[in-house]
Structure formats: C-alpha cells, structure tokens
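Please keep the sequence and the 3D view open while reading.

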Amino acid sequence: MTLFDTHMIMQVLFAALIGGIIGLDRTALGQFMISQPVVAGPLTGWLLGDVTAGLVIGGTLELIWVLDMPIGTFVPADATVAAVAATAIAALGSTTPGQLPVIGFCLLLTVAMVPVTMFADHLMRQRNAQIPELALSPSGGPTESSVTVWHLAGLIAFFLKAFLLCLALIPAGLLLVSGFLALPDAVHRAMSLFVTFLPLLGVASVARKLSIYTLDRTLLIGFLIGAVSVQMFHVPELAAIMLAAGGGWMGMRVHDA
Amino acid sequence: MTHNAAAIRTIDLLGVFWRSFFIQASWSYDRLQSLGFAFALIPILRRLYPDREMFTRRLAAHMEYFNTQPYLASFILGAAARAEEDRATCRHDAADVEELKKTLMAPLGALGDSFFWGSLKPFAASAAVAVLLAGAWWAPLLFLVLYNIVHVGLRLSLVFIGYKTEGDVVALMSRHNFTRLARRYKVLSLAMIGCIAGTLSAWGTEFRIPVSVSPPLLAAAGLAFTLGMIALLRLGASPVKIMIGLAAACLLLALGGFA
C-alpha cells in the first residue's frame, strides 16, 4: 500500500482543515484557548481516531510553551500548529493508536516546526498591514461595510496560514515517520523514554517563568504534598492535586497575614 | 454634531462585546488592532451618528494606531463608547476619545499580559496537565472551563465597567485587583506543578518511566531532574535545545541497554 493513497490524502486534508479552524482561535477569533496544545491536541486526536496521541502531545507541549507570551508585537512559536500537526502525524502515521515511540518522535518533530511556524506568522502579519488601506472605500473614507468586510477578511489570512502550514508539515512528517518505523527497536525505546521525561521539562519551564527562585518554596511544598499523600497515604492523584493547591493557598495566606 | 443623538442602550454595548471577540481578526505589525477597534465600535457609532458623514469621520478616527491586551480592550471599548456618547450628545464637548485610548492602551496592555498570559493561563494549564497526567480524559475541558469563566466573564463586565466609569482605571482596579489575583494564580500554579513532579510514580501509563526503583527514590530523582532543568533554563538554554539534548540522551541510554 502506498503511503499517500486517496484515503490518506483525504485524512491529511481533514487534519489541515482542523488546524486551520483551531488556528483561528490563537489570535484572530475569540481566543477562548481552544488553540492551546492541551485542547488542540486531544481534539485533533479525537477527530482522527487517536485521543491518546493528542492527550500526550497536547499535555506535554502545553507546559513547555504556555509561558511563551504574545506581548506587544512579539509573535511566539505557534504551539497550535505544532500540536495539531504532531498529533495528526502520530494519529495517521502509527500502525496502532497510542503508539508511544511514534508519539515521542512526533514531539521531537515539533522542534523543527517552531521556526517554520514563526516565519509563516511573521509573513502573514506583514501582509495584513495592507488591510486598513483597503478598508478605506474608493471615496477616501471608511464605510461600515468596507471596514467589516476587510477586517473579517483577515480571518481568511489566519485560517490559510494554519491550514497551509498543516498541509505542508503533516505529509512531510508522515514521510519521516515511515522512515522512523523502519529504524531499530533501540531508537523506538529511546523515543518512548523521551516522552516520559518531557512533562518534567514542562514543569521546569513553567517554574522558571513563574518564580525567580530555582528552589521555589511553593513548588517544593506542592512536591512534598504530592509525594507524601500519594506514596504514604495512597491518596488518589486527583485528590493530591487538590491538596497541593490547598497547601499552596494556605501557605500564601499565612505569608500574607 | 448631532445634539439629539440617542443614548447608548445595553443592546449596543452587548454588540460591542460580541464584536470584541474579533478585535484581532486583521492584526498586523503596522496597525495592530486599529481596524479591529473600529469594527467593534460600529454598533455605538451607528447609534450615535445617523448622519453618514459624521459616522464616516468618527469611524476613520478609530482606525488610528491601537494596541492593547485583547481582553482588556473591552474596558477601553466601553470607555470609548461613553466618550463618543458624551461627544455626540454634547454632554462633554471636549471629549477626546483618541487621547483616552492612547492613555489607557499601554497600562492595560501590560496589566492584561501579566494577568491573562502570565498567570491565568499557566494556572489553567497546570491544573489541566496535572489532571491529564493522573489519567483523566476531561483535562482539556477543565482547562477551558477554568480559563473561560474568568476570560468571558471579565470581557463582558469590562465593557460595562468601562462605559460606566468613563475609563477610570482606579475604579477598575478597586473592583478587580488584577495584581493580587495574578499572584494567587501563580502560587496555585507553582503548587500544582510541584505536585506533578511529586506524583511521578502515579502518572498515567503513557508517561510512566520504565525503571524499577522505589517510588520515593523515583520522586526524588524526578525533583532533582526538574531542578536541574530549571537551572539549565536559567543559564539561558531554550526548551527546544533541551528537548534535542534529552532526545540524544534517551537514544544513548537505549543503545546502552538502559531503556
């Protein structure tokens, strides 16, 4: 069976369409954060039949990129396209759903996607500079319809940016995954191991941006509450998270008092 | 000037609120949110300036340079609506809407970036990822609920607060202490990501480290690894470079038979 048969081409187009629609939420429309990796990844995975890949990729990328902020004219790495494309590649390129080595490899591929997405974003926003001029009607002044039409036309530019990026990145990733699957088992084990370390990199990435201390007191309180409650008292993990949040809150109130 | 212009109705402000979700639809480096601001204010201008020429003049005035945090733009939209109303009804002839926008956009931009991007989003993300690592499929929904209750609620109320207070930032801050709220969200985020590292041995199967060591030792190793990563990031290493390094290290471990 060839890699890009009609079914696969349709799936890639569908994935690119998902990327284009979700990509609108990133800047242009609403910003309800559907475009955040922790949502965009699982949503893409669910639509393509591999929720596990979406959850693992989305959750991992979320912590790593969450504090890359769009301040002023700075345009951060497009974690949305990265999450959608990586999930689509994992979902369409795996032989079975939730194949951890392929997921790890796709997470590694996002590293290569970052500069491509940033360049595309930069290019599109430069092009958008023409829109306000176009919104001035031929008589020289803006009208309600000219402002509405040209302003909303910007949505098409944002959609196309994410759609075309996905359309280019997903087939390229699928080719690389087919090559990856032929590599020795040790490489596959390495990628599975890679996945398990990434949440801790995410934790470090968030802690680095939220606190000026490496040994932050609240971070350590959360760690102790989590470790002790789960290991000594066998508290369910969800309850441990609530306890840690409560512990951090209490610590803050005591500090403020 | 239309001296008998009708006053702004709640439905007009709701129209501004709806359109505020599109404020960045044509975001560009040159004009940033200028066209978006004009687009969002159309229901107000339509109401206040039935005269076509006056409408066009005021719409053009709102197409000047404008940029702020997109959610807090709602407050400025409300304030601009009030200033336009004052101008149109001659309540305040000298109402300088452009100056008001210029005065508000920079401080609200900084405040909003710090609050929404720098504290609310990491808080929702930390909670969602903590829940996801515990194996809960509803983690994305938790993220959306935690984030959007605050986001949409504030966006709606800010249009009305901006209108009622005429863009008084002090009144806004007395109602919503963003600085204190941001600090609280950051503390909660740090506690939850600390918990993520502490519960390493209980993570879902996809993330479970394939080594047979006791859970306390694994947690300690996880903490040491995390602190090492924080130190590396503080030294200027980017997450991308660390990811490549980690992949290389994992490959060496696998080739050496340790994984």
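Predicted model: local features only at pLDDT ≥ 70, side-chain atom pairs only at ≥ 80, totals over all residues.

How are α2(A) and α3(A) oriented to each other, roughly parallel or roughly antiparallel?

## A helix pair in chain A

In chain A, helix α2 (residues 37-48) and helix α3 (residues 51-65) have axes that come within 7 Å of each other and cross at roughly 165°. Angles over 145 degrees count as roughly antiparallel, and α2(A) and α3(A) are therefore roughly antiparallel to each other. The crossing of α2(A) and α3(A) is right-handed.

On the α2(A) side, the contact is formed by A:P37, A:V38, A:V39, A:A40, A:G41, A:P42, A:L43, A:T44, A:G45 and A:W46. On the α3(A) side, the residues that meet them include A:V51, A:L55, A:I57, A:L61, A:E62 and A:W65. Sorted by class, the residues of this contact between α2(A) and α3(A) comprise 13 nonpolar, 7 polar and 1 charged.

## Chain A as a whole

The secondary structure of chain A consists of 10 helices and 0 strands, so that reading along its sequence gives the pattern α-α-α-α-α-α-α-α-α-α. The C-alpha trace of chain A spans about 75 × 60 × 25 Å along its principal axes.

The domain assignment divides chain A into domain 1 (6-210) and domain 2 (213-257). The C-alpha centres of domain 1 of chain A and domain 2 of chain A are 33 Å apart.

## Chain B as a whole

Chain B likewise has 10 helices and 0 strands, and its elements run α-α-α-α-α-α-α-α-α-α from the N terminus on. The C-alpha trace of chain B spans about 85 × 35 × 30 Å along its principal axes. The radius of gyration of chain B is 25 Å, whereas a compact globule of 259 residues would have one near 18 Å.

For chain B the domain assignment gives domain 1 (10-103) and domain 2 (209-259). Taken over C-alpha atoms, the centres of domain 1 of chain B and domain 2 of chain B are separated by 51 Å.

## Two helix pairs in chain B

Two packed helices are described by the angle between their axes and the distance between the axes. For α5(B) and α8(B), the axes are 8 Å apart and the packing angle is about 25°. Angles under 35 degrees count as roughly parallel, and α5(B) and α8(B) are therefore roughly parallel to each other. α5(B) passes α8(B) in a left-handed crossing, and the residues of their contact divide into 18 nonpolar, 5 polar and 1 charged.

The other pair joins helix α4 (residues 73-88) of chain B to α6(B), with axes that come within 6 Å and cross at roughly 30°. The crossing of α4(B) and α6(B) is right-handed. From α4(B), the residues B:S74, B:F75, B:I76, B:L77, B:G78, B:A79, B:A81 and B:R82 meet B:R155, B:L158, B:V159, B:F160, B:I161, B:G162 and B:Y163 in α6(B). By class, this contact of α4(B) with α6(B) has 10 nonpolar, 3 polar and 2 charged residues.

## Where the chains meet

How many residues does the contact take from chain B and from chain A? The contact takes 91 residues from chain B and 91 residues from chain A. On the side of chain B that touches chain A, at least two residues each are supplied by α2 (34-48), α3 (52-61), α5 (97-133), α6 (139-165), α8 (178-198), α9 (215-234) and α10 (239-255) of chain B.

Of these, α8(B) gives the most to the side of chain B that touches chain A, with 14 residues. By class, that side of chain B has 65 nonpolar, 16 polar and 10 charged residues.

Definitions and conventions:
Residues numbered from 1 in each chain as written. Chains lettered and ligands numbered in written order. Domains from an automatic or database assignment. Contact = placed C-beta atoms within 7 Å. Helix = DSSP H or I, 4+ residues; strand = E, 2+ residues; numbered from the N terminus. Nonpolar A, V, L, I, M, F, W, Y, C, P; charged D, E, K, R; others polar. Axes fitted to C-alpha atoms, helices over the stretch in contact; angles between N-to-C directions. Parallel < 35°, antiparallel > 145°, perpendicular 65-115°, else oblique. Left-handed = near helix turned anticlockwise from the far one by under 90°. Rg over C-alpha atoms; globule rule 2.2 N^0.38 Å.
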